[in-house]
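Thank you all for coming; please have a look at the sequence and the model as I put them up, and then I will take you through a few features.

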Amino acid sequence: MELKITDDQKYYNQCLEIRKEVFVEEQNVPLEMEVDEFEKEAVNILLTLDERPIGTVRYRDVGEGLIKVERMAVRKIARGLHLGQTLMNFVHIHAEENGYTRAKLGAQVHAIKFYEKLGYHVASDEFDDAGIPHKYMEKEL
């Protein structure tokens with residue numbers, strides 16, 4: 001298994017392929033909502049297993065030591081292997097090493113327990129994002 005920051009177009013494109021497979025094809029998120037204006041400013045992370053792109057996540061600076069974690073996705077064939085936890089732990093370490101102190105994210109309601117195990121707590125009422133119920137969650141790094 002390898003985790004890498006996607007500062008290369010090839011790896012970024014692999015992140016996009018995973019996101020399109022998970023969010024656009026599986027969850028019916030419109031492509032124009034999935035690829036957004038924050039693509040270039042976000043830190044994109046790719047997880048590969050035997051050199052095969054399997055998972056991705058990104059985070060971006062939203063000010064005052066806070067990052068917003070977004071687009072966490074693991075391909076269906078690799079779910080249940082705790083790779084999402086590996087991706088999130090990498091984000092937390094990388095962000096903390098770069099001076100960030102807090103993280104927030106918009107969690108799909110079905111994934112709240114996953115994020116709670118990582119130390120996040122619910123910080124908002126439920127809201128709709130691309131037709132999927134979400135809640136904001138936060139944690140100290």
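Predicted model: local features only at pLDDT ≥ 70, side-chain atom pairs only at ≥ 80, totals over all residues.

The largest pocket has a volume of about 1,100 Å³, and it is lined by 42 residues, of which Phe-23, Met-72, Ala-73, Gln-108 and Tyr-115 lie nearest its centre. Among the elements that give two or more residues to this lining are helices H1 (9-26), H3 (83-97) and H4 (112-117), together with strands E5 (102-108) and E8 (132-140), although it is strand E4 that gives the most, with seven residues.

Turning to the salt bridges, the structure holds twelve, and one I would point out joins Arg-71 to Asp-36, where the closest N and O atoms are 2.9 Å apart. Because Arg-71 lies in strand E4 and Asp-36 in the loop between H2 and strand E2 (43-49), this pair ties together parts that are 35 residues apart in sequence.

Finally, on the surface, Asp-125, Glu-126, Asp-128 and Asp-129 gather in a patch of negative charge, and of these residues Glu-126 is found in the loop between strand E6 (121-122) and strand E7 (127-129).

Technical notes. Residues numbered from 1 in each chain as written. Heavy atoms only, no water. Patch = residues over 30% accessible without salt bridge, like charges linked within 9 Å, V, L, I, M, F, W, Y side chains within 5 Å. Areas by Shrake-Rupley, 256 points an atom, 1.4 Å probe, with all protein chains shown as cover. Salt bridge = Lys/Arg side-chain N within 4 Å of Asp/Glu carboxyl O. Lys, Arg positive; Asp, Glu negative; His and termini not counted. Charge placed at Lys NZ, Arg CZ, Asp CG, Glu CD. Helix = DSSP H or I, 4+ residues; strand = E, 2+ residues; numbered from the N terminus. 1 Å grid on protein atoms, 1.4 Å probe; cavity = no way out; pocket = protein on both sides within 12 Å on 5 of 7 lines; lining within 4 Å. Points joined across faces, edges and corners; volume = space filled by probe spheres on them.
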